[in-house]
Amino acid sequence: MSNSAPKVGVIMGSKSDWPVMEHAVAMLERLGVPYETRVVSAHRTPDLLFDYAKSAAERGLQVIVAGAGGAAHLPGMVASQTPLPVLGVPVESKALKGLDSLLSIAQMPGGIAVGTLAIGKAGATNAGLLAAQIVGLQDAAVREAVETFRAEQTQTVLDNPDPRPD
Ligand code: RP5
């Protein structure tokens with residue numbers, strides 16, 4: 001974790017979400033965005049959820065990335081308790097492969113917004129990227145890191161036009 005004051009909070013409903021949510025953290029690290037990460041469960045630690053969400057803005061966070069699976073109430077409940085933008089990552093569940101998580105996070109009633117990403121690793125990766133882009137609105141170094149990341153990604157594709165395995 002970075003030594004600077006965290007600008008992004010990456011929370012998840014369970015330790016079991018880490019193998020997915022670590023991809024959000026990896027992107028933030030790659031882009032040099034200070035972050036914090038911890039388990040906050042909507043169902044098992046509701047008081048902690050409220051404390052975390054209510055104090056997030058005054059602690060200096062600018063964005064919250066929240067991942068959860070199954071009956072994934074975490075992102076929506078956090079969004080209801082903070083003015084910060086909340087990005088929701090549907091974690092793949094065993095029973096329904098994350099479709100339950102996706103619908104739980106995406107189908108917010110009008111008036112409380114959660115930016116919902118794709119199910120699983122791609123969603124977590126893009127949540128980290130989107131969080132960095134939001135931080136980058138006010139942080140030139142992060143904005144530049146995002147631009148460099150995208151330019152390198154483009155170049156990698158252009159440098160490897162042959163689709164057959166190496
Ligand atoms: C959700 O329940 C968590 O986000 C996790 O995806 C799911 C299962 O949690 P565990 O039973 O593995 O702790 O709250």
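The model is predicted: local features need pLDDT of at least 70, side-chain atom pairs count only at pLDDT 80 or more, and totals for chains, interfaces and linings use all residues. Residues are numbered from 1 along each chain as its sequence is written, and side-chain values use heavy atoms, without hydrogens and water.

**Stop 1: the ligand.** Select Gly13, Ser14, Ser16, Asp17, Arg44, Ala68 and Gly69, the residues around the ligand (a heavy atom within 4 Å of it). Now show the side chains of three of them. A polar side-chain atom of Asp17 lies 2.5 Å from a ligand oxygen. For Ser14, a side-chain N or O atom is 2.6 Å from an oxygen of the ligand. For Arg44, the corresponding distance is 2.7 Å.

**Stop 2: H1 and H5.** Select residues 18-30 (H1) and 121-135 (H5). Their axes (lines fitted to C-alpha atoms over the stretch in contact, with angles from 0 to 180 degrees between N-to-C directions) come within 7 Å and cross at roughly 30°. The two helices are therefore roughly parallel (under 35 degrees). On H1, show Val20, Met21, His23, Ala24, Met27 and Leu28. On H5, the contact (heavy atoms within 4.5 Å) includes Gly128 and Leu129.

**Stop 3: H5 and H6.** Show Leu129, Ala132, Gln133 and Val135 of H5, which meet Val142, Val146, Phe149 and Arg150 of H6.

Definitions and conventions. Helix = DSSP H or I, 4+ residues; strand = E, 2+ residues; numbered from the N terminus. Parallel < 35°, antiparallel > 145°, perpendicular 65-115°, else oblique. Polar contact = N/O pair within 3.5 Å; in protein donor to acceptor, adjacent residues only side chain to side chain.
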